[in-house]
Amino acid sequence: MARGWVRDYYAAKLKELVERGEIWEIRRLMGPTGPRAVVEGREFIMLSTNNYLNLANDPRLKRAAIEAIEKYGWGPGAVWAIAGYPELMAELERKVAEFKRTEAALVFPTGYATNVGSIPAIVDQGDIIVSDELNHGSIIDGIRLSRAEKIIYKHCDLADLEDKLRQVHKKYNKILIITDGVFSMDGDIAPLDGITKLADEFNAMVYVDDAHGEGVLGEGRGSPAHYGVEDKVDFHMGTFSKALGSTGGMIGSDRDIIEYIRNRARSWLLSTGFPPAVVAANIKALEIVMTEKERIRKLWENREYFKKGLDELGFNTGKSQTPIIPAIIGDTKKTRELAKMLYDMGIFVVPIVYPMVARGTERIRNEVSAGHTKEDLDRALSAYEKAGRSLGII
Ligand code: PMP
């Protein structure tokens with residue numbers, strides 16, 4: 001038991017969070033997640049997962065995992081560097097390289113671990129990172145853990161990026177531009193064509209976190225493929241936790257670079273990897289994403305339908321260009337009320353408020369999947385209409 005004063009201190013801190021409404025109410029699913037999910041015996045339309053291609057509960061991933069458990073058992077034993085990894089992992093690394101169209105690839109325990117491990121391995125003291133202002137928190141943490149300096153450019157603003165590159169040009173050993181491929185709260189796409197051109201001009205390296213672009217853009221290959229600039233991206237980072245329906249992170253690059261990262265990334269060397277079952281499921285997920293284009297087509301059909309529906313109702317969907325479709329409300333209390341009303345009507349959404357997004361841009365982030373039916377989306381839109389009208393949002 002914690003000391004009395006320790007308990008009191010954190011109880012007071014927690015109370016502050018509760019009073020500011022900065023607390024997560026975690027829902028308990030009674031079965032698999034998918035386009036629908038069951039909570040407390042009620043079925044919800046799920047609009048809060050990154051399960052874009054509806055693979056999280058795919059029978060082929062489950063089967064691959066079960067077979068791997070039978071053969072390799074459950075636990076990994078220790079960190080991969082020390083205990084070794086199942087022979088299947090070499091196949092997974094090859095598959096990731098094939099997927100990212102790179103020479104080699106490395107798989108991490110999570111996407112978060114990929115960024116916090118790879119970025120400090122790539123840059124050091126004397127280097128500078130040029131980072132988009134809306135980059136994901138795991139990139140921000142990776143930058144903090146590196147000994148490089150950083151400079152932030154305005155969101156997707158090529159003129160500002162050029163300005164920042166001009167400022168730092170020739171003053172550092174190396175320049176690393178980092179961007180999300182697709183931004184997780186707004187669903188807009190980084191201008192990788194312009195970014196890679198500027199990188200050529202200023203002799204900078206480019207690192208793309210494509211967590212939300214993989215399986216979605218460029219015939220499933222991601223945002224660099226969407227722009228046809230795969231060869232101009234030095235570091236292709238991604239995760240199995242979104243469209244690939246699983247868990248684990250990845251980075252693709254040239255062979256020597258990958259071996260260097262493997263031997264320098266602390267989150268690879270110091271944190272135990274996922275079980276063999278996940279290795280097997282991830283191989284299957286990559287095979288499906290590279291071959292089943294119909295899923296991607298369906299995802300986009302659903303995305304167009306839902307975005308058009310929200311726009312026509314009068315909601316502000318911001319700059320969304322992908323299956324991430326926010327309804328931007330711009331007020332914490334109203335966003336919470338809207339989320340609660342939608343939830344009560346069977347729509348699984350959560351309010352996204354400060355510090356996850358800037359104050360004044362509070363929102364509900366909707367994410368559609370290839371598995372939603374028209375009826376699911378219509379039910380969600382009709383709930384949005386009712387709740388939006390009753391709260392005076394639309
Ligand atoms: N990068 C981005 C852009 C993300 O949205 C996420 C997921 N929250 C991550 C990295 C981290 O990935 P993971 O959840 O697999 O750790």
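Mentor: The model is a predicted one. The UniProt record, an unreviewed entry, places the feature "domain: Aminotransferase class I/classII large" at residues 43-383.

Trainee: What is the helix and strand content of residues 43-383, and how far apart do the end C-alpha atoms lie?

Mentor: The span is 45% helix and 16% strand, and its end C-alpha atoms lie 15 Å apart. The protein has 15 helices and 13 strands.

Trainee: How does the radius of gyration of the protein relate to the globule rule?

Mentor: The radius of gyration is 22 Å, close to the 21 Å that the globule rule gives for 394 residues, so the protein is as compact as a globular protein of that length. Along the principal axes, the C-alpha atoms fill a box of roughly 60 × 60 × 55 Å. Of the 394 residues, 51% count as buried. Contacts may also be read by their separation in sequence: among those between residues at least 6 apart, 71% join residues at least 24 apart.

Trainee: Let us turn to strands. In which sense do S1 and S2 pair?

Mentor: A general point comes before the case. In a regular strand the side chains alternate between the two faces of the sheet. Here, strand S1 (residues 36-39) and strand S2 (residues 42-46) pair in the antiparallel sense over four bridges. Alanine 37 stands opposite phenylalanine 44 in S2. The hairpin of S1 and S2 has two residues between the strands, and glutamate 40 takes a positive phi near 50° in this hairpin.

Trainee: In which sense does S2 pair with S11?

Mentor: The pairing of S2 with strand S11 (residues 347-348) is parallel and has two bridges. In this pairing, methionine 46 stands opposite phenylalanine 348 in S11.

Trainee: Next, the backbone angles. What is phi of asparagine 203, and is the residue buried or exposed?

Mentor: For such a residue one reads the angle, then the location, then the surroundings. Phi of asparagine 203 is near 60°, a positive value in a residue other than glycine. Asparagine 203 lies in the loop between helix H8 (192-202) and strand S7 (205-209). Asparagine 203 has 11 other C-beta atoms within 10 Å, so it is exposed.

Trainee: Where is glutamate 219 found?

Mentor: Glutamate 219 is in the loop between S7 and helix H9 (223-227). Its phi is positive, about 60°, although the residue is not a glycine. With 14 other C-beta atoms within 10 Å, glutamate 219 is partly exposed.

Trainee: Finally, the peptide bonds. What is omega of the bond from tyrosine 354 to proline 355?

Mentor: Omega is near 10°, and the bond from tyrosine 354 to proline 355 is cis. Proline 355 lies in the loop between strand S12 (351-352) and strand S13 (363-367).

How values were computed:
Residues are numbered from 1 along each chain as its sequence is written. This is a predicted model: local features need pLDDT of at least 70, side-chain atom pairs count only at pLDDT 80 or more; totals for chains, interfaces and linings use all residues. UniProt positions are given in the numbering used here, feature names are shortened, and annotations may be inferred rather than shown by experiment. A residue is buried if 20 or more other C-beta atoms lie within 10 Å of its own, exposed if 12 or fewer, and partly exposed in between; C-beta atoms are placed from the backbone. Two strands pair if DSSP finds at least two bridges between them. The radius of gyration is taken over C-alpha atoms; the globule rule is 2.2 Å times the number of residues to the power 0.38. Two residues are in contact if their C-beta atoms, placed from the backbone, lie within 7 Å.
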